[in-house]
Amino acid sequence: MLFDTHAHYDDEQFDNDRQTLLASLPEHGVGLVVNPGITVETSRQAVDFARCHPHMYAAVGIHPENCHDFCPEQIQQLRQLAAEPKVVAIGEIGLDYYWAENPPKEVQQEAFRCQLALAEELHLPVIVHDREAHADTLSMVQEFPKVTGVFHCFSGSVEMARQLVDMGWMLSFNGAITFKNARKAPEVVRAIPLDRLMIETDAPYLTPVPYRGKRNDSTYVHLVAETIAAIRELPVEEVVRITTENGKRFFGIA
């Protein structure tokens, strides 16, 4: 059984076939999926997906690209959504300094800090987005030593990975690890303990080779497992078993 620990089925690219696709995932060997929100509204949608499909779970949060209008009232809305029984994390939250049109750094940092505090309050892990903001993201999670989580689509260095592992954090990898220009990610996969690895699609984005350019979905997550197995020189079945166990342990899924 595969566990896609990060997929965005609220995205409009799934509007034409969302429910059919979600219902079919177990037939494709995908036994578990976590759908993180990126706004309050998509967090509500993630909760709805989890209610409708036994194999789906939700995370609730505000993505750094979507925090232009961040205000304390949104934290209360996330708090209420997090009370739902199948909400397993606060996410997707973090920092993104890549796009010039993103909210100012100070706004992103305020939203991130408030959501880390919410996770601490609710004793939930976090799903962190970190793009071109490694130093600030690491510094901010260190402000909350009682909070642990996962850096999804990890793009940092081996040194950063080891520091996060020492802090009790997880790292997750998606289709980007299959790209020809992937360099850092394979080095990190070789360097860190297998019990700190999870796999994901980040659907509908970052579709793995050989389907790059097409819409991504959880049926392709096996290609991430196969790539990690090749890097670590392990049977694919072993990587699937370990990453699924890691994901269930991390998110508290029985």
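Phe151 is buried at 1% relative accessibility, and Phe154 is buried too, at 6%; buried means under 20% relative accessible area, exposed over 50% and partly exposed in between, with a 1.4 Å probe and protein chains only. This is a predicted model, where local features need pLDDT of at least 70, side-chain atom pairs count only at pLDDT 80 or more, and totals for chains, interfaces and linings use all residues. Side-chain values use heavy atoms, without hydrogens and water, and residues are numbered from 1 along each chain as its sequence is written.

Now the rings. Rings of Phe, Tyr and Trp (the six-membered ring for Trp) pair if their centres lie within 6.5 Å; planes under 30 degrees apart are stacked, over 60 edge-to-face, and the rest tilted. The count comes to eight aromatic pairs. In one of them, Tyr98 and Trp99 have centres 4.7 Å apart and planes at 90 degrees, so they are edge-to-face. Tyr98 is partly exposed at 41%, and Trp99 is partly exposed at 38%. Phe151 and Phe154 are also an edge-to-face pair, at 6.3 Å and 70 degrees.

Next, charges over rings. The criterion is NZ of Lys or CZ of Arg within 6 Å of the ring centre and within 35 degrees of the ring normal. Arg131 lies over the face of Tyr98, 3.6 Å from the ring centre. Lys105 lies over the face of Tyr97, at 4.5 Å.
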